Amino acid sequence: MTIHAQALLFDNDGTLVSSLLSVQRCWTRWAEEYGITAEEFARVELHGRPAAEIAADLLPAAVVPQAVARIEDLEVEDVPNGGVHLLPGTVDFLAALPAERWAVVTSATRRLAEARLGAVGILPKTLVAADDITRGKPDPEPYLLAARTLGVDPAHCVVFEDAPAGLRAGRAAGMTTVALATTHRADELTADLVVEDLSALSALVTDAGVEISVRP
C-alpha cells in the first residue's frame, strides 16, 4: 500500500515521542492536589485532548485556568526527569522529509510541546499547539489550521495519530489517516492504515509530494 501526500501532519505524544510515564505521574499528582477521585478521573477521556478541556470536565469553571497552569508546570518540570523518549522510527522517518512538508499538531500547550520535542532533538518548522486553537481534537480545527499554515489542501494531507480522538479529528478534516498502535491496540483504532509505529513506514520525496509505503 502506498499513500500519496503533499503534507504530513504528526501528533506528538504517542506518535513521535512517548511521555506516558510522565503523563501518569503528573496527572496523578494533579488529581490528588485538586481532590479528584480515581473514579472521577477514570470517566474522563484523557489521551489526545487539551488539558483545558480535561480540566473543564472535572472542575468548576472558576478553577480551570489555575488548574491548567498547574498541570502545564508539572509536565514541563518533569521533562528532564526522563519524561519523554523517542518512539521507534521517528528520527529516520522525519529525516526523510523536507521541513516545509510536515508539521506537528499536538493537544499540548506550545510551552510543553517545545519542551518535549526539544528534549529529543525534534525542531519542527511548523507546530500547531493547544494555544493556537479554540476547539481541540476530536474537532478538526487543529489539523485544518496545520494544512492552512502549510498551504496544502486538506485532501492532500496525511495525519499520523495514536489516539482515537486524533484520528477522528483527521477524518473530520477530510484527511487520510495513519494510526500507530503505540498506546492503543490496533483493533481500537479506525484509520486508512494501521501500523505498529513509524519504523513500519518509509517515505520517498518526489516532485509531486511524498510517497508513504509500508516496509516489506
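## Salt bridges in their setting

Author: Start with Asp139 and Arg135, whose side chains form a salt bridge with an N to O distance of 3.2 Å. Keep in mind that the model is predicted. How exposed is Asp139 in this pair? Its relative accessibility is 23%, so Asp139 counts as partly exposed. Arg135 is also given as partly exposed, because its relative accessible area is 44%. The cut-offs explain both labels: buried means under 20%, exposed means over 50%, and partly exposed is what lies in between.

Next come Asp132 and Arg110. Their side chains meet in a salt bridge, 2.7 Å from N to O. This pair links distant parts of the chain, as the two residues are 22 residues apart. Arg110 belongs to helix α6 (residues 110–119). Asp132 sits in the loop between β6 (127–128) and α7 (141–150). Asp132 has a relative accessible area of 34%, so it is partly exposed. Arg110, at 27%, is partly exposed as well.

Is Arg185 buried or exposed? Arg185 counts as exposed, because its relative accessibility is 52%. Glu188 reaches 36% and therefore counts as partly exposed. Elsewhere, salt bridges with shared partners tie Asp11, Lys137 and Glu161 into one network. How many salt bridges are there by this rule? The count comes to 17.

Now the strands. Six of them make an open sheet, in the order β6-β5-β2-β7-β8-β9, with parallel pairing. Its edges are β6 and β9 (193–195), and each of these pairs on one side only. Inside that order, β2 (residues 7–10) and β7 (residues 157–161) run parallel and are joined by four bridges. Leu9 has Val159 of β7 standing opposite. Helix α8 (residues 164–172) packs on this sheet. Helix α8 touches β7 and β8 (176–180), and its direction makes about 170° with that of β8.

A separate pairing involves β10 and β11. Strand β10 (residues 201–206) pairs with strand β11 (residues 209–214) in the antiparallel sense, over six bridges. A hairpin of two residues joins β10 to β11. Across this pairing, Ala203 stands opposite Ile212 in β11. In general, strands of a sheet pair through backbone hydrogen bonds, in a parallel or an antiparallel way.

What about the cysteines? The disulfide count comes to zero. Cys26 is called buried because its relative accessible area is 5%. Cys157 has a value of 1%, so Cys157 is buried too.

Last, the domains. How is the chain divided by the domain assignment? Domain 1 takes 2–16 + 87–214, and domain 2 takes 20–81. Their C-alpha centres lie 24 Å apart. The two parts touch: 18 residues of domain 1 are in contact with 15 residues of domain 2.

Methods:
Residues numbered from 1 in each chain as written. Predicted model: local features only at pLDDT ≥ 70, side-chain atom pairs only at ≥ 80, totals over all residues. Heavy atoms only, no water. Salt bridge = Lys/Arg side-chain N within 4 Å of Asp/Glu carboxyl O. Buried < 20%, exposed > 50% of the residue type's maximum accessible area, 1.4 Å probe, protein only. Pairing = 2+ DSSP bridges. Contact = heavy atoms within 4.5 Å. Axes fitted to C-alpha atoms, helices over the stretch in contact; angles between N-to-C directions. Disulfide = S-S within 2.5 Å. Domains from an automatic or database assignment.
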